[in-house]
Amino acid sequence: MKFGVIVFPGSNCDHDAYHVISKHVGQPVDFIWHRDTDLSTYDAVIIPGGFSYGDYLRAGALARFSPVMNSVKEFAAEGKLVLGICNGFQILCEAGLLPGALMRNRDLHFICDHVNVRVESTDTPFTHELKLVSVLRMPIAHAEGNYVCDDATFEELSRKQRIIFRYSDPNGQLTDAANPNGSRDNIAGICNSERNVLGLMPHPERACEDLLGSSDGRELFRSLAGALAAAA
Amino acid sequence: MSVPGAVATGSKRNYRIERKAHFDPLAIVGGTDTRSFMKAKVYVTLKPSVLDPQGKAIKHAVELLGFSGVSDIRQGKYFEIAIDASGNAEDARADAEKLARDVLSNPIIEDFRVEIEQ
């Protein structure tokens, strides 16, 4: 199995993602420059965190027009796995691969902190090896992470169990105090209707080393690798 | 080197550009292009149903300043676009509206309004 990490001008978590795939997943991984369009050799691509195009206009709004994004759409339509982390989540929403939008945080601040996130569904290739309603500790680092969507979209996300992660307290309680950015219903991550595209604001790739305060993110990448191995 | 709206001074080795006062970038869009351009003004605003924490913070500051007659402030974005005016104003408007819909606004959270200035 082969992974690709897409690099936009302004991506800054690309090396973290690369490190996790090569060291913890132990699989080949390439950086893919945003002007490249050939994704045919990859089984999964990661759209990493950062500030693509300086977050100009809206976070993720300009990255959506990079040549690689048409290829990512085709890649996703073929059922291959796409993981968008932080700015990657914002880009997936702007590109229409995931519904809704990520707005300025409720309290307007850029938040850089460790948060607790509850696993809401294990029915995705990214989370099937996680325990349902278990709590993962992962960092967030964003100013635009406030997930919004209309009522019809929210109803659809809820009914089809497409909300994959929610901000919670350490005991898994979904409180308003545990919601760092004002996201609707504490939403931290969602998937598409085919469940092969996942976007989340927390950074699992920055939570893979005990030295960095948490290694809870490894499970997500193990799930991902396990799903690809099973499909091979 | 020709930079419209700029004046070159000094020797070649010590080249610098002085901007004219009230430099208007829109006045030079197209550079040496001789086509005429008209100005499209695009206003992007949050949908009424979407909370605007920045607008709320600004309103709070306005209240601290002593203004009591302000009931609401919503923050938005404003764009000026120089559009080829060789066609008619309707074509320019259609182009500007497409830009506003596809790029400048996110239809999930924002509305837009276009004005054409000839």
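This is a predicted model: local features need pLDDT of at least 70, side-chain atom pairs count only at pLDDT 80 or more; totals for chains, interfaces and linings use all residues.
**A salt bridge, an interface and an open sheet**

The side chains of Glu110(B) and Arg58(A) come together in a salt bridge, with 3.8 Å from N to O. The contact draws on 16 residues of chain B and 13 residues of chain A. The size of an interface is often expressed as the accessible area lost when the parts come together. Here the two chains, B and A, bury about 1100 Å² between them, and 67% of this lies on carbon and sulfur atoms. On the chain B side, Pro53(B), Val103(B) and Ile108(B) contribute 37% of the area buried against chain A, more than any other three residues.

Turning to the fold of chain A, nine strands make up an open sheet with mixed pairing, in the order 2-1-3-4-11-10-9-6-7. Strand 2 (29-33) and strand 7 (135-142) form its edges, each pairing on one side only, and the twist from one strand to the next averages 25°. Helix 3 (residues 87-94) of chain A lies across strands 3, 4, 10 and 11, at about 115° to strand 4.

Packing inside the model can be followed from Ile47(A). This residue is among those that touch the most other members of the largest nonpolar core, which holds 67 residues. Beyond its neighbours within four places in sequence, Ile47(A) contacts residues including Ile6(A), Phe8(A), Met69(A) and Ile91(A). A second, separate core has 15 residues, including Val42(B), Val44(B), Ile81(B) and Ala96(B).

Terms used:
Residues are numbered from 1 along each chain as its sequence is written. Chains are lettered from A and ligands numbered from 1 in the order in which they are written. Side-chain values use heavy atoms; hydrogens and water are left out. Two strands pair if DSSP finds at least two bridges between them. Helices (H or I, at least four residues) and strands (E, at least two) are DSSP runs, numbered from the N terminus. Axes are lines fitted to C-alpha atoms, for helices over the stretch in contact, and angles run from 0 to 180 degrees between N-to-C directions. Contact means heavy atoms within 4.5 Å. A nonpolar core is a set of buried Ala, Val, Leu, Ile, Met, Phe, Trp, Tyr and Cys residues joined through side-chain atoms within 4.5 Å. Buried means under 20% relative accessible area, exposed over 50%, partly exposed in between (1.4 Å probe, protein chains only). Buried area is the accessible area (1.4 Å probe) that two parts lose on being put together, summed over both. A salt bridge is a side-chain nitrogen of Lys or Arg within 4 Å of a carboxyl oxygen of Asp or Glu.
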